[in-house]
Every structure is written in C-alpha cells, then in structure tokens.
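Subject: Structure handover

Hi,

Here is the structure for you to look over.

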Amino acid sequence: SERPVMAVHVALIGTSHKFQTRSDAVAEATSDQFEQLLISLCQKHMANGIAEEMNQVALDERNTSKTIAQEVAISCGIAHQLSDPTPEVRMELGISSENVIRANGWLENWAPERIEAEVRKSHGIRERYWLARLRLFNLWPVVFICGAGHSESFAAVLRESGLEVVISALDWEPN
C-alpha cells in the first residue's frame, strides 16, 4: 500500500548568503532568479511564511534594509522572520563562527576531528535556535533559507523535532 503523503512543514533552501540580498556583488538576473525560486516554492507548498538565516545586524553590515525573501513575503502577502541570532545572543548561547573555531583550532594545534566536532557543536546550537524561532513563528508550511553548510544538518534537526522537511536545494546557485 502507498504511504500517505505527509504535509510539508518546511521547504528548505541551502545557498550562499550572498544570494539572500540584492547587491552590486551579485548580478541582477541572479537576484531575480532567486526571487522567482522563492515565489514558486511559496506557491507550490502554499507557504504561510518565509524564514531565513539572517539577522538585522547582518543586513546593516550589507547596507540593505531587506532580503529578497522579505520582498517575496511582502509581494505574496505572507509573514517573514529573520531567524538567526544576533551577535549578542550568539555570545550568550556560546555560538562561535566556523572561521573563528577553525582559526583557534589551528592556533591551538587541535586535531582536525576536534575542530570538526567544535564546528558541529556550534552549528547544532544555532540550528536549534532557528527551530525555536520557527516554533514561535508558528506559520506552517514555511520556506526556510540557510547557508548551504547547514542544509542537511538543519533538515535533520527539523525532522528529529517531528517536522516534515523537503530540501528544495542543498546549495542553490543560479543556472
């Protein structure tokens, strides 16, 4: 007998963060392609929201007021959430950036296995933070955008929490 089709709770897109905002560093056609992908995923999954690995500090650093996902949410009439912890919250939670962990590991002469374990531990804390934010957002189905390095591990965190996940792109790039 066929398995009943589960409702998708999260449509996940892994990509490079440079594609999340419009900028001089990314061709306009690429930004438009990413926008079209988000619109089509929102329609396909009848999404009630879009959330993403981004925070206001990162937007300010990019000298922009909104992400492409925010533009899409507005045009589709659905909610949007910046899900990534701010630098202050990261510090409180003990989250270090992957680059900092790798640099410290190199300086401290850690074994490669220890460096990878520390990176995974930090990513895990951050991904559980995103999950908590999504639960507060509480608008299902949702399209979630994260860095490609988180696609599979965050999908696993979501599934372990009982959510049905479709990975729409492990590492989206323009074609």
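This is a predicted model. A search of the whole structure turns up one cavity of 30 Å³ or more. The largest cavity holds about 30 Å³ of space. Its lining consists of Ile95, Ser96, Ser97, Glu98, Ser122, His123 and Arg126. By class, that lining splits into one nonpolar, four polar and two charged residues. Helix α6 contributes the most to the lining of the largest cavity, with three residues.

The largest pocket has about 230 Å³ of space. Two elements give two or more residues to its lining: α5 (98–107) and α6 (112–137). The residues lining this pocket are His17, Glu53, Arg90, Ser97, Glu98, Asn99, His123, Arg126, Gly147, Ala148, Gly149 and His150. One of these is nonpolar, seven are polar and four are charged.

Now the helix pair. How far apart are the axes of α6 and α7? The distance is 10 Å, and α6 packs against α7 (residues 151–160) at an angle of about 50°. The two helices are therefore oblique to each other. Their crossing is right-handed.

The contact itself is as follows:
- From α6: Glu127, Arg128, Trp130, Leu131 and Leu134.
- From α7: Ser153, Phe154, Val157 and Leu158.

By class, this contact between α6 and α7 has six nonpolar residues, one polar and two charged.

Best wishes

How values were computed
Residues numbered from 1 in each chain as written. Predicted model: local features only at pLDDT ≥ 70, side-chain atom pairs only at ≥ 80, totals over all residues. Heavy atoms only, no water. 1 Å grid on protein atoms, 1.4 Å probe; cavity = no way out; pocket = protein on both sides within 12 Å on 5 of 7 lines; lining within 4 Å. Points joined across faces, edges and corners; volume = space filled by probe spheres on them. Helix = DSSP H or I, 4+ residues; strand = E, 2+ residues; numbered from the N terminus. Nonpolar A, V, L, I, M, F, W, Y, C, P; charged D, E, K, R; others polar. Axes fitted to C-alpha atoms, helices over the stretch in contact; angles between N-to-C directions. Parallel < 35°, antiparallel > 145°, perpendicular 65-115°, else oblique. Left-handed = near helix turned anticlockwise from the far one by under 90°. Contact = heavy atoms within 4.5 Å.
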